[in-house]
Amino acid sequence: MYYNQGPASQGQPQHDQSGQQPQSVGGVPATPDMKEMRSVVLTGFGNLSKVKVYKSPQPMVGPGEVLIRVQACGMNFNDLLVRQGAIDNLPNTPLILGYECAGYVEELGDGAEGFPKGAPVIALTRFGSMAEYVVAPVSRCYRMPQGMSFEDGAALLLNYVTAYLILFHVVSIKKDKIALIHSAGGGVGCACAQLCNLLENVTLIGTASKVKHEQLRKMGLYTYLFDRYQEDYVEEVKRLSPYGVDVVLDSLSGEDVVKGINLTKPMGHYVLYGASSSLVNDLPPPAPQTNNSGASAGGAASSVTSQAKSSILGYTKQITQTPLSKWLPTQKVNQWWQVEKVNPIKLFDDNRSVGGFNLINLLFDQGQDTLVQDVVKDLFKLFKEGKIKPVIDSTWAMEEVTDAMTRMQDHKNVGKVLLVVGQMPRNATQQNGPDLR
């Protein structure tokens, strides 16, 4: 496998179907003596079997770019949605997953300034970050402050920038307000809570699985916590605040959109920043063939087909390269994306505001690099002052990426899930990686 991590196709691998040497890597001719790296590759849209750890040539740094020797990379819910093909504007596969990383400056391209070799940096990318080496534009690299670990850097970047921009730019939250935050135990949820607690007398209501409540209470982040699977959080919020809340931060989408809008007070703000309800349970990966007999192979295939047909989600065939919306039942797709339309006249009458936020689009499609740079500086200052501290749920070896994804997909994490380069797998049999090539 060969990868093009140039600016036109960040994280995009390129296969040589003929088996001969590739024509280029990152726009530079490939040679047999190119250094190799490990990377987490999405080979197609579907279940965890589509995620592999491969060896590939290191990316080549181009003009205005920085080559980073990665030490840690963040995992985000969007990585899971991309894996299932549950986002708009799907990228081509195979590709290297990942949106953020932390590491050392290894090399600078022509015209790249401000980062001496060996400097610790964090960076944002549109794919390509889950690798031992990553190329990123100078404008999306940020030099880490003294005292910040690579794990803290990788845990801070995307989550805290998202939280900061939503709270202080989109809704301009002030003291004495009430905020409802969904996915309270997630990376963004913890970041939002820490930043809100910098203000005077902000009441925070969080929704999270019951198993997370004790840990979140010990951290002192939320005033009230509800389990939306076991409790009617709408009624509970109305009981606490009959007129509703000032801010609703929604990472769920689906049916919670209308609930969130209706919970906002006059002059309140609802903001959608995720769509985790779009994620579905995966089909089990195909059973391996145990021998060369046709009966055994047929039996395995029949078993998988049987499981697929009996799935409670109504799958009718195995997950393939086909995007998720093609093979899921129509009613399931409608449940995710056809949320009730927002009536602007009703918003006008009710004095409510509805907004959305997508950091990756803000950077890569809308060119707001300077804005994000300013926010990162503010966050670094807060970190150095001890006012914020990234909450890290767990760290995993690169070969354990599917285990890390499972933990996040099962909603077991409180805080950030990280892949740490050089960390040994928990299972000794994974040290070389079953998918490593």
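Strands β7 (residues 100-108) and β8 pair in the antiparallel sense over five bridges; two strands count as paired if DSSP finds at least two bridges between them. The model is a predicted one, in which local features need pLDDT of at least 70 and side-chain atom pairs count only at pLDDT 80 or more, while totals for chains, interfaces and linings use all residues. Residues are numbered from 1 along each chain as its sequence is written, and side-chain values use heavy atoms, with hydrogens and water left out.

Strand β8 also pairs with strand β10 (residues 141-143), to which three bridges join it in an antiparallel arrangement. Strands of a sheet pair through backbone hydrogen bonds, either parallel or antiparallel. Four of the five residues of β8 (residues 120-124) are buried, so this strand is largely enclosed by the rest of the structure. Buried means under 20% relative accessible area, exposed means over 50%, and partly exposed lies in between, with a 1.4 Å probe and protein chains only.

A further sheet is open and consists of three strands in the order β4-β3-β6, with antiparallel pairing. Its edge strands are β4 (51-57) and β6 (95-96), each of which pairs on one side only. Strand β3 (residues 36-42) meets β6 through two antiparallel bridges, and V41 has I96 of β6 as its bridge partner.

Six of the eight residues of α1 (residues 77-84) are buried, so the helix is largely enclosed by the rest of the structure. The buried residues are D79, L80, L81, V82, R83 and Q84. Just after α1, G85 takes a positive phi of about 75°. The loop between α1 and β6 contains N89, which has a positive phi of about 55° although it is not a glycine. N89 counts as exposed because its relative accessibility is 77%. P94 lies in the loop between α1 and β6 as well, and a cis peptide bond joins T93 to P94, with omega about 0°.

Another residue other than glycine with a positive phi is S253, where the angle is near 70°. S253 is placed in the loop between β14 (245-250) and α6 (256-263). At 10% relative accessibility, S253 counts as buried.

The interior can be followed through its nonpolar cores. A nonpolar core is a set of buried Ala, Val, Leu, Ile, Met, Phe, Trp, Tyr and Cys residues joined through side-chain atoms within 4.5 Å. In soluble globular proteins, nonpolar side chains tend to be buried together. The largest core has 108 residues, of which M75 and L379 touch the most other members. Helix α2 (residues 150-170) gives the most to this core, with 13 residues. Leaving aside neighbours within four places in sequence, L379 is in contact (heavy atoms within 4.5 Å) with L156, Y160, V161, Y164, L195 and I388.

On a 1 Å grid over the protein atoms alone, a cavity is a set of points where a 1.4 Å probe fits but cannot get out, and lining residues have an atom within 4 Å of a point. Grid points are joined across faces, edges and corners, and a volume is the space filled by probe spheres set on the points. The largest cavity has a volume of about 40 Å³. Its lining is formed by A155, N159, Y160, G187, C190, A191, P390, V391 and K416. The elements that give two or more residues to this lining are α2 and α3 (187-196). By class, the lining divides into six nonpolar residues, two polar and one charged; Ala, Val, Leu, Ile, Met, Phe, Trp, Tyr, Cys and Pro count as nonpolar, Asp, Glu, Lys and Arg as charged, and the others, Gly among them, as polar.

Over the chain as a whole, there are 13 helices and 18 strands. Buried residues make up 52% of the 437 residues.

Key:
On a 1 Å grid over the protein atoms alone, a cavity is a set of points where a 1.4 Å probe fits but cannot get out, and a pocket is an open set with protein on both sides within 12 Å along at least five of seven lines; lining residues have an atom within 4 Å of a point.
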